[in-house]
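Here's a quick briefing to read with the model open beside you. Have a look at the fold first, then come back for the details.

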Amino acid sequence: MRYLHPTDATARALIARRIDGPILMLNLLRFRAEADYAATPQLAPEAPVSGAEAYGRYSREITPLLEATGGAVIFEAEGGGWFIGPEAEHWDRVLIVRQASLQSFFAFAGDPAAQTALAHRTAALADSRLLPMAAGLPFTASAP
């Protein structure tokens with residue numbers, strides 16, 4: 001099973017969390033070897049591109065929209081296999097995106113230009129995970 005888009009149930013569950021303040025989104029991304037623009041052929045480049053290249057196109061289009069709503073990519077790195085987790089599972093890229101609030105996240109996600117850019121993300125990815133996290137919990141270290 002692939003996970004590329006939220007469901008109505010996961011959107012309702014996120015809203016029900018009533019996160020107050022900044023929200024962080026942990027993104028785990030697995031790219032296709034070749035981007036699949038079958039659902040949006042009008043956006044396909046003239047020559048085939050890799051999933052990573054299609055995701056780069058998405059990033060270039062989405063970043064100004066993200067920043068316009070107060071968001072920012074605060075961490076991006078190459079992924080790999082798990083140290084603790086399923087040995088056969090890997091992620092090509094990991095991102096953490098920060099939004100000022102849940103409301104600003106939904107404003108960003110609902111922008112028609114973001115919806116258009118999303119087609120490049122969909123073409124790029126074989127699978128993904130998106131974990132919303134409430135920011136600002138104090139770190140608690142256990143004493144020995």
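Which helices and strands each supply at least two residues of the lining of the largest pocket? They are helix H1 (8–16), strand S1 (23–31), helix H2 (51–68), strand S2 (72–81), strand S3 (90–99), helix H3 (102–110), helix H4 (112–124) and strand S4 (125–134). Helices (H or I, at least four residues) and strands (E, at least two) are DSSP runs, numbered from the N terminus.

Before going on, keep in mind that this is a predicted model, where local features need pLDDT of at least 70 and side-chain atom pairs count only at pLDDT 80 or more, while totals for chains, interfaces and linings use all residues. Residues are numbered from 1 along each chain as its sequence is written, and side-chain values use heavy atoms, with hydrogens and water left out.

**The pocket**

- The largest pocket holds about 1,000 Å³ of space. (On a 1 Å grid over the protein atoms alone, a pocket is an open set of points where a 1.4 Å probe fits, with protein on both sides within 12 Å along at least five of seven lines; the volume is the space filled by probe spheres set on the points.)
- Of its 35 lining residues (those with an atom within 4 Å of a point), Pro6, Asn27, Phe105, Arg121 and Leu130 are the closest to the centre.
- H2 gives the most to this lining, with six residues.
- Sorted by class, the lining has 22 nonpolar, nine polar and four charged residues. Here Ala, Val, Leu, Ile, Met, Phe, Trp, Tyr, Cys and Pro count as nonpolar, Asp, Glu, Lys and Arg as charged, and the others, Gly among them, as polar.

**The sheet**

- Four strands form an open sheet in the order S2-S3-S1-S4, with antiparallel pairing; two strands pair if DSSP finds at least two bridges between them.
- S2 and S4 are the edge strands, each pairing on one side only.
- S1 and S4 run antiparallel and are joined by nine bridges.
- Leu26 has Leu131 in S4 as its bridge partner.

- Gln99 sits in strand S3 and counts as buried (under 20% relative accessible area), at 2% relative accessibility.
- The side chain of Gln99 also makes a polar contact with the side chain of Ser104 (3.1 Å); that term means a pair of N or O atoms within 3.5 Å, where within protein one must be able to donate a hydrogen and the other to accept it, and residues adjacent in sequence count only if both atoms are side-chain atoms.
- Thr7 is in the segment before H1, and its relative accessible area of 42% makes it partly exposed, the class between buried and exposed (over 50%).

Technical notes
Buried < 20%, exposed > 50% of the residue type's maximum accessible area, 1.4 Å probe, protein only.
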